[in-house]
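Subject: Model for your files

Hello,

The model is below, with the sequence. My notes on it follow.

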Amino acid sequence: MKFEQTLLDFLMRHQEKHNRTFHFLVLMDAIVSAAKRIELYYRTGALKDNLGLAGSTNVQGEEVMKMDDIAHEIVLHYLKSTERVIQVVSEEVEEIIDVNKGGGRYFVYFDPLDGSSNVAHGLPVGFMFGIAKKNLDGSMQGSEDYHLRAGNEYIAAGMFVIPTGMFTLALRDAGCWRFHMDETSTFVKPVRMLLPDVEKKWELSYNAGNTETFGKNIQKWIAENQSKYVFRYLGALAGDFHRLLANGGMFMYPAIVNHPDPKKNRPQGKLRLMYEANVVAFMCREAGGDALDESGTPILDIKPKTHHQRTALYVGSKKLIDSVQKALKA
Ligand code: AHM
Ligand code: MG
C-alpha cells in the first residue's frame, strides 16, 4: 500500500531542515482546520440556501449569516485556539483584532472568503492569508504599527481555492508548494510550483470590461500585447492566480483612473495589500515571478500605512512584469 505524505508531515520536515520551531505547525494546523470547515459550509450552504445576505432568512425561517461572516468567525476561532497569534487583520472586520494580548508570536492577515461575486453561484472563492512573526529580539514591540509589515517580512503566505480542495503555500526562501485534499480530507504530496517559461501557455487575467478606465499607458500595453496570450478571468483572485501559477502569464487589477463617472475611479486600486496582493505576490516570488503596483514599485516592498490599504496589482511571469513596468514608467 502506498501512503501519501500529509501537509503536516511536509511542514515538520521543513521546520526541522531549517532549524525552526514547531509553533508554525500548530498555526498551520489551525489554518487548515479553518479551511476545511469553510469548505464544508460552502458546499452545504449552497444546498441549504445558507449563502445569503446577512439579515435575510432561509427556507426554515432562520436568520441567515452571510457566508463571509461565517468564514471570518471560523478562521478567528481556530487562530485563537492556537494561543500563538498576537493579532489578526481580517477583510471582514474594520479594526485590528487582538487575539492573544499576553503573548503569541504571529500576525495573520486574511481574507476568509475572497471573490464574493462568485458566492451566489457556488463558484470558487478564496481563503487567503499572510503570516508575519514578531521580532523575537523584542525590537519594535509595543510600537503602534508593529503589525504593519511589508510583504517581504512575511514568513509564509497561502490560499485555499474553496470548494475545490486545492491549497497553495509559499514559505519564505523555501519555495511555493501546491497540495490538494484527497477523499479522506488529508492533503496529498506537495508539488513544487515554478512559473513555466513556455510562453505559448501564458495567460492574461484581468477584468477586460474595465479596460477603458485604466491609465493610457496600460491601455496601450494591452492593445500591443493581449493578442499574444490566452485570456482567462474567474473574478476570484485565488482561482485566477491558481491557474496562473501553473500556466504562467500575468494577473492584473490596474488602478481605475479614467472612469466616465469620476466618483468610481480607484487610483489606489481595488485589491487589499496585506491579505490579497501580498499573498499572491509572495507566492509568485517563491515561484520565480514578480509583482508590482501602479507606480512600478514591487508589491512586497510596500510598507503599509493602514491595515486595509488598497493597491493596484500586476503579478506573474517576470518577463511580462518587466514589460509592464516599462509601460508604467514610460
Ligand atoms: P472582494 O474582496 O470584494 O471579493 O473583491 C476581491 C475580488 C478578487 O478576488 C478579484 O480578483 C476581484 O475582486 C474581482 O473584481 P471585479 O469583480 O471588479 O473584476
Ligand atoms: Mg477580498
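Helix H7 (residues 318-329) lies across S11, S13 and strand S15 (313-316), and runs at about 25° to S13. Helices (H or I, at least four residues) and strands (E, at least two) are DSSP runs, numbered from the N terminus. Axes are lines fitted to C-alpha atoms, for helices over the stretch in contact, and angles run from 0 to 180 degrees between N-to-C directions. Contact between two residues requires C-beta atoms, placed from the backbone, within 7 Å.

This is a predicted model, in which local features need pLDDT of at least 70, side-chain atom pairs count only at pLDDT 80 or more, and totals for chains, interfaces and linings use all residues. Residues are numbered from 1 along each chain as its sequence is written, while chains are lettered from A and ligands numbered from 1 in the order in which they are written.

S11, S13 and S15 belong to an open sheet of 5 strands with mixed pairing, in the order S10-S9-S11-S15-S13. Strand S10 (230-231) and strand S13 (290-292) are at its edges with a single partner strand each, so one side of each has no neighbour in the sheet. Pairing means that DSSP finds at least two bridges between two strands. Strand S9 (residues 203-205) pairs with strand S11 (residues 249-253) in the parallel sense over 3 bridges; Ser205 has Phe251 in S11 as its bridge partner.

The other sheet

A second open sheet, also mixed, has 8 strands in the order S2-S1-S3-S4-S5-S6-S7-S8. S4 and S5 pair in the antiparallel sense over 7 bridges, with Ile162 in S5 as the bridge partner of Val125. Helix H5 (residues 237-247) lies across S3, S4, S5 and S6, at about 80° to S4.

Domains

The domain assignment, automatic or from a database, gives domain 1 (7-192) and domain 2 (199-328). Their C-alpha centres lie 23 Å apart, and 30 residues of domain 1 are in contact with 26 residues of domain 2. On the domain 1 side, S4 supplies the largest share, 5 residues.

Ligand 1

Which residues are around ligand 1? They are Glu91, Asp114, Gly115, Ser116, Ser117, Asn207, Gly235, Ala236 and Leu237, where near means a C-beta atom, placed from the backbone, within 6 Å. At least three residues of this shell come from each of domain 1 and domain 2.

Regards
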